[in-house]
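Here's a quick briefing to read with the model open beside you.

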Amino acid sequence: MPDPLEGVEAERLYNHGTALAGRGDLVRAEQYIVAAIERGYSREEALPTLLQVCVAGQRHAAALRHAEPYLRDHPDNWSLRYVVATLHLGLGRVSRAQSELEQVIEDAPQEANPYYTLGTMYRDQMQDEEEATRWFNRYLELAPRGDHAAEVRRWLDQRHEQPEIIRLPPHETPPEGSVEGDVT
């Protein structure tokens, strides 16, 4: 069967793909954008849109299949590496996400969001509060008014200011020197 898109210009395919994405037809949008790239449309220009389409369609593995070959050819593209790391994290590939995030930090040490992402990964996936604290503190150093600063501060405050609660049976009196209401 002949290719129905044969002879259609790459730019037209790309534009049709973005229009499909705008209408929510994400799988077909991906197909058209890929076809545009195969016919010569700039991969560098199309890749951000292609990744957005895949992520919007919950197709993280497909997004990785499109992003990783480009990243292999452009290993210094730290922002794409950050996207790849978050995609791995979204797929539950924690160790791969960790190594990609550490590479991002090596390549772009003044970028705050990779530190935040590492902090949340250590806190949520690895249950390592000590490491999470380390990464969150660095995030706050770089972005004291960043998008996640309030959340990070709340978490750090809760973690470091949890007083030990002494529970006494109802018939015992509080220890000498304590203020009534301090002990429950």
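Let's begin with Leu101, which counts as buried because its relative accessibility is 0% (buried means under 20% relative accessible area, exposed over 50%, partly exposed in between, using a 1.4 Å probe and protein chains only). Bear in mind that this is a predicted model, where local features need pLDDT of at least 70 and side-chain atom pairs count only at pLDDT 80 or more, while totals for chains, interfaces and linings use all residues. Residues are numbered from 1 along each chain as its sequence is written, and side-chain values use heavy atoms, with hydrogens and water left out.

**Around Leu101**

- Leu101 sits in helix 6, residues 94-107 (helices are DSSP runs of H or I with at least four residues, strands are runs of E with at least two, and both are numbered from the N terminus).
- Setting aside neighbours within four places in sequence, Leu101 is in contact with Tyr82, Ala85, Pro114, Thr117 and Leu118 (contact means heavy atoms within 4.5 Å).
- Tyr82 is 19 residues from Leu101 along the chain, and their C-alpha atoms are 6.3 Å apart.

**The overall picture**

- The protein chain has 9 helices and 0 strands, so in sequence order you read α-α-α-α-α-α-α-α-α, with helices as DSSP defines them.
- Of its 184 residues, 38% count as buried.
- Take the contacts between residues at least 6 apart in sequence: 41% of them join residues at least 24 apart.

**Nonpolar cores**

- The largest nonpolar core has 27 residues, and Ile33 and Leu80 have the most contacts inside it (such a core is a set of buried Ala, Val, Leu, Ile, Met, Phe, Trp, Tyr and Cys residues joined through side-chain atoms within 4.5 Å).
- Helix 1, helix 2, helix 3, helix 4 (60-73) and helix 5 (78-90) each supply at least two residues of this core, and helix 2 gives the most, with 7 residues.
- Not counting residues up to four places away in sequence, Ile33 touches Tyr14, Gly17, Ala46, Thr49, Leu50 and Val53.

**Aromatic pairs**

- A pair of aromatic rings is described by the distance of the centres and the angle of the planes.
- There are 5 aromatic pairs in the structure (rings of Phe, Tyr and Trp, the last by its six-membered ring, pair if their centres lie within 6.5 Å; planes under 30 degrees apart count as stacked, over 60 as edge-to-face and the rest as tilted).
- Tyr14 and Tyr41 make a stacked pair, at 4.3 Å centre to centre with 10° between the planes.
- Tyr14 lies in helix 1 (residues 10-22) and Tyr41 in the loop between helix 2 (26-38) and helix 3 (43-56), so this pair ties together parts that are 27 residues apart in sequence.
- Tyr14 and Tyr41 are both buried.
- Phe136 and Trp155 form an edge-to-face pair, because their ring centres are 5.3 Å apart and their planes are at 70°.
- That pair links distant parts of the chain, with Phe136 in helix 8 (residues 129-142) and Trp155 in helix 9 (residues 149-160), 19 residues apart.
- Phe136 and Trp155 are buried too, and they belong to one aromatic cluster along with Tyr116 and Tyr139.

**Charges over rings**

- Arg134 lies over the face of Trp135, 4.3 Å from the ring centre (a charge sits over a ring if NZ of Lys or CZ of Arg is within 6 Å of the ring centre and within 35 degrees of the ring normal).
- Arg138 has its charged end over the ring of Tyr115, 5.5 Å from the centre.

**His88**

- His88 lies in helix 5 and counts as buried, at 2% relative accessibility.
- The side chains of His88 and Glu68 are joined by a polar contact of 2.9 Å (a pair of N or O atoms within 3.5 Å; within protein, one must be able to donate a hydrogen and the other to accept it, and residues adjacent in sequence count only if both atoms are side-chain atoms).
- Beyond neighbours within four places in sequence, His88 is in contact with Leu64, Glu68, Arg93, Arg96, Ala97 and Glu100.

**Confidence**

- The protein chain averages a pLDDT of 89, and 85% of the residues score at least 70 (pLDDT is the predictor's confidence in each residue, from 0 to 100).
- Over residues 179-184 the pLDDT is below 50, and this stretch has 8 contacts in the model beyond near neighbours in sequence.
- Where pLDDT is low, the predicted coordinates should not be read in detail.
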